[in-house]
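Here are my notes on this one, point by point. Have the chain open beside you as you read.

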Amino acid sequence: MDQITQTAERISRTIEERGGKPDTEKIQAKLRLLINEFLIPAEDAERQVTNEIMREQQITVQREAEDKKQIAELQPNDWATIEGKVVMLAAGGNPAIAQRGIIADESGAVEFVIWEKAQLQLLEENAWYRIESCVADEFREKLNIKLHSGTKVVPVPGMSRIVSQEWHQMAEKMAGKSGDSAEVKTIGSLNPEEWATIEGKVVKTSEGGNPKISQRGIIADATDAIEFVIWSKAELPPLEEGNWYRIESAVADSYNDKMSLKLHSGTKIIPISDTGTPVTTAADEMAVTLKTGSDNTDEVRDIASAKPNDWVTVEGKIVALQPSPSSAIAQKGIIADASGAMEFVVWEKAGAEPLEEHRWYRIEKATIDEYRNAPSMKIHSGSTITPIAEDRFLNPVITPLANLTPGVACVRVKMLTNWEVRTDRMLQTGLVGDETGRMKFVIWKNRDGMADETILEEDKVYTIYYAGVDEYNERYSLNLSGATVLEEEGADIEIGSDGRNEIFTGAVVHMSAGSGLIKRCRVEGCNRALSRQNFCPVHEMQQEFRYDLRITGVIDDGITAKNVIMQRDAVEKVTGLTLEKAIEIAENSPLGPDDVFMQFQERLMGRYVTCSGPDIDGTIIIRDAESVTLVTYDQGEHAMLLNRAGGQNGGDLS
């Protein structure tokens, strides 16, 4: 079965799932025309034909369907729709997890997790499903998908596609985690992510410090000691200091190079008699650490000094409140003092009075956790919240871009350029800079799909208070959703280098469809590229626009390939076509703007160029003519090399 036939059958199934009546032969004919004659990539052709048939049959296209991806395409933080086969199921391993397993399609495989609170129907092994609005996450550099209360799971009966065999290796590791753990292991031999049975003496216990945790403590044997955690939902009896226990099917975990043992609903606790074996002295050292972790927190700490695993008392101002992402969370927001700011979470089970925005509070015995390398404050049932009557002066600390770390920060930046948004959930993305460098920024739309009013305009300077600083692949970006953004009229910033400017020489091996003569939105401060139908992702249909030149493509030096974006001045230099000439060609040619794109390809594909610019997320931004040069070779030397290739005394090249 060839690729077009497979694609046609896939489209037919999609139409049938939505209540339509597909004509497979007609679908194949459309695909062959687009792929073989118009040379449209197969993925784009599939999308175009699917949407065309849906319009013809008046099938409503759900928003999630627009984000449908193959498993191999998933990236952390993606909200997406996938279709795949459940190739393996495993125990949850945590009272908050209803089901774990592996789902696979033709491109790859990924672990999935269904949260208990999602109340979703459990999946069946060897069955196919369409999973809409799942969330891709990354844990210990391993991708997985979360199925939550907003996820829609649709069985796809009759599916019989061949899936990637990557899942076999994943299954071996998963089976190793949840397999037989009856053999008693020493604490010193435990490995991260291992299910194990141990025997040891409880040398110290403590309150959980979190509504999800009923007890924490230290258990030890002759080889080593380890901190244990009992989940509240596990409904296990508390362990008593000084007693010996056999603990079956616990899970060893590692966090910040520190091992711990998780006791969950599947764990079995059996009291045993004292073996008389002395336990390691390391238990006493760990017990002191456990004690100081939950006690001695009366001293007020600077928020900026709080680190993961600390128990702290802080006095700060609630500078922002955010929508709660879960029913287990009563409130979420940002708290700040003179030293800095941090995200906080108030657990629903804490039973705390709601915090008010712009008010000061003293919060005692909060715990500091870490999420995606950023510290976060947890306010739980053991925390005490006391309102502070006075409204203290708070002068936010402005941090240079070069000094940012994951978390929350205030910055003063100049908006440099808009980038094209690649998902309906994103309002704006682009590049900002200050005296120390440049950084990508993102503004997300509100959950109801309405755009946030805050949009940055090019070449304007802004002071941004309490933005999120995210990290991915050792690169930072600013999340401005919910931040306070103030424009500084008439101000300017001299943009510095962040050390990521790169000089690269290679052949132009690819030019994407977004290259050529493009239209841009004329709404003040927008400047986004419009679709062929003059649609702006923010301001919708635009009657007025301005033309611009752009090249997005790939340059390859034979070892490394680099994505590049060339702006107008650079494009005019390397192609020899001015904007005015490109407009003239588009207006007079039967092919319209496609003629400009084809001329760009003819003049540039295969040519060597040397370019320089900031490397942002693996893409070199080439802004001006001085930043790009066509590589030319000495014709005399070239002829000499050709002659030498023909023979020692010169060759006849006729």
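1. The bridge links distant parts of the chain, as D548 sits in strand 29 (residues 545-556) and R520 in strand 26 (residues 516-521), 28 residues apart. Elsewhere, salt bridges with shared partners join E315, R362, E364, E390 and R392 into one network.

2. A word on the model before going further. It is a predicted one, where local features need pLDDT of at least 70 and side-chain atom pairs count only at pLDDT 80 or more, while totals for chains, interfaces and linings use all residues. Residues are numbered from 1 along each chain as its sequence is written, and side-chain values use heavy atoms, with hydrogens and water left out.

3. For the overall picture, the protein chain has nine helices and 33 strands. Helices (H or I, at least four residues) and strands (E, at least two) are DSSP runs, numbered from the N terminus. Of the 654 residues, 46% count as buried. Contacts here mean heavy atoms within 4.5 Å; among those in the protein chain with a separation of 6 or more, 61% come from residues 24 or more positions apart.

4. Back to the salt bridges, of which a search of the whole structure finds 20. One of them joins E199 and R246, with the closest N and O atoms 3.1 Å apart. Since E199 lies in strand 7 (residues 195-210) and R246 in strand 10 (residues 244-255), the pair ties together parts that are 47 residues apart in sequence. E199 is partly exposed at 28% relative accessible area, whereas R246 counts as buried at 19% relative accessibility.

5. K332 and E343 are worth a look too: their side chains form a salt bridge at 3.6 Å, N to O. K332 belongs to strand 14 (residues 329-337) and E343 to strand 15 (residues 340-347), 11 residues apart. K332 is buried, with 18% relative accessible area, and E343 is partly exposed, with 29%.

6. Now the nonpolar cores, each a set of buried Ala, Val, Leu, Ile, Met, Phe, Trp, Tyr and Cys residues joined through side-chain atoms within 4.5 Å. Which residues have the most contacts inside the largest one? They are L517, M566, F600, I622 and V628, in a core of 27 residues. Elements giving two or more residues to this core include strand 25 (501-511), strand 30 (561-566), helix 8 and strand 31 (608-616). Helix 7 gives the most, with five residues. A second, separate core has 22 residues, including I187, A234, Y245 and A252.

7. Neighbours within four places in sequence aside, V628 is in contact with M566, A570, K573, V574, V609, T610, C611 and I622. A570 and V574 turn up again among the buried residues of helix 6, together with V571, E572 and T575. The buried residues of that helix pack against strand 29, strand 30, helix 7, helix 8, strand 32 and strand 33 (628-630). After helix 6 comes G576, with a positive phi near 80°.

8. Helix 7 (residues 579-588) and helix 8 (residues 593-604) pack at an angle of about 125°, their axes 7 Å apart. The axes are lines fitted to C-alpha atoms, for helices over the stretch in contact, and angles run from 0 to 180 degrees between N-to-C directions. Helix 7 is therefore oblique to helix 8 (angles under 35 degrees count as roughly parallel, over 145 as roughly antiparallel, 65 to 115 as roughly perpendicular and the rest as oblique). On the helix 7 side, A582, I585 and A586 meet P593, D595, V596 and Q599 of helix 8.

9. Finally, two backbone angles to check. N126 has a positive phi near 70° in a residue other than glycine; its place is the loop between strand 3 (109-115) and strand 4 (128-139), and at 51% relative accessibility N126 counts as exposed. S133, also not a glycine, has a positive phi near 60°. S133 lies in strand 4 and is buried, with a relative accessible area of 13%.

Key. Salt bridge = Lys/Arg side-chain N within 4 Å of Asp/Glu carboxyl O. Buried < 20%, exposed > 50% of the residue type's maximum accessible area, 1.4 Å probe, protein only.
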